[in-house]
Amino acid sequence: MAIRIHPSILAADFLRLGDELARVADADMIHVDVMDYHFVPNLSFGLPVVERLVAGSPLPLDVHLMVDDPARWAGDYAEAGAHSVTFHAEAAADPVDIARGIRRRGARAGLAIKPGTPIEPYLPLLDEVDMVLVMTVEPGFGGQSFLASTMPKLRRLREAVDATGLDVWVQVDGGINEDTIGEAADAGANTFVAGSSVFGAEHAGDQLALLRARAAQ
Ligand code: DX5
Ligand code: ZN
C-alpha cells in the first residue's frame, strides 16, 4: 500500500517558512492547517499565506480547513491552487455540495471528522470525496497526544473504502510520531499528517524515513 506523509507547517518556524519547506523535501505533500478562532479555539493563517505557499512550495498543498463556514471558503482554496482541500463534516450543512465544488475547481476533496464524530453517516458519500480524514486529536493545536480511541472508527472506514473499490485516501492527523504511526497504519490509514514529530526533529529527512518505515511494518 502506498504511504504518504504530509508534514504540518503549523509546527514549522514561520519566520523561515521557505527553509522549513526545504527540510521536508522528501515528504509527499505539505499539510496546511487553516483555523478561524471559531470552529477551533485557535487562529493560524488564511488565503493570502496559502497563495504564497502555492507559489513557493515544491510540494503540493494539503489544506485542512478548520473553519465554521467551509461552504464559503473551500472553493477559494481550491482556486488558489491547493492540491487537496479538506473540510469538516461538523461544519458542513451539505458536504456533497462542498466536495463537488472543490472537485469542480480541480482539487481533491477531503472530508474530516473530529474524534467524537461517528463515521457511519458519511460512508454513503465515499464516491463524492478523494480522502477522509479521521482526526486523532481534537483539532485546534499541534503537539497533542494521539487518541487510540479513534482506531475502531478508522478500521470501519478502511473496510468501507475497500468495499467500494475506490481509491479514497484514509488520512490521520494529530499525535502521529514513530510510536503511533504503526497503530494507525494497521487500522487502515495510508496518509499521515505529522507536525511536531517532523519539524521538531533535528534531521527532518531522517524522521520522515523513520515514519515511513514504521508505517510499513
Ligand atoms: C490539529 C491540526 C494538526 C496538527 C498536527 O488541529 O489539524 O494538523 O498540526 O500536529 P501534531 O503532529 O504535532 O499533532
Ligand atoms: Zn491538520
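**The ligand shell and the chain around it**

In this predicted model, ligand 1 is surrounded by 22 residues, of which the closest are Ser8, Pro139, Gly142, Gly195 and Ser196. Two or more residues of the shell around ligand 1 come from each of strand E2 (30-35), strand E8 (191-194) and helix H7 (196-199).

Of the 217 residues in the protein chain, 47% are buried. When contacts with a separation of 6 or more are considered, 60% of them in the protein chain are between residues 24 or more positions apart.

The interior can be followed next. In soluble globular proteins, nonpolar side chains tend to be buried together. Here the largest nonpolar core has 66 residues, and those with the most contacts inside this core are Leu65, Tyr77, Val85 and Phe192. Strand E6 (residues 131-135) gives the most to this core, contributing five residues.

Which residues is Phe192 in contact with, leaving aside its neighbours within four places in sequence? Phe192 is in contact with Arg4, Ile5 and His6, with Val172, Ile176, Ile181 and Ala184, and with Leu211 and Ala215, once those sequence neighbours are set aside.

Key: Residues numbered from 1 in each chain as written. Chains lettered and ligands numbered in written order. Predicted model: local features only at pLDDT ≥ 70, side-chain atom pairs only at ≥ 80, totals over all residues. Near = placed C-beta within 6 Å. Helix = DSSP H or I, 4+ residues; strand = E, 2+ residues; numbered from the N terminus. Buried ≥ 20, exposed ≤ 12 C-beta atoms within 10 Å, placed from the backbone. Contact = placed C-beta atoms within 7 Å. Core = buried A, V, L, I, M, F, W, Y, C linked by C-beta atoms within 7 Å.
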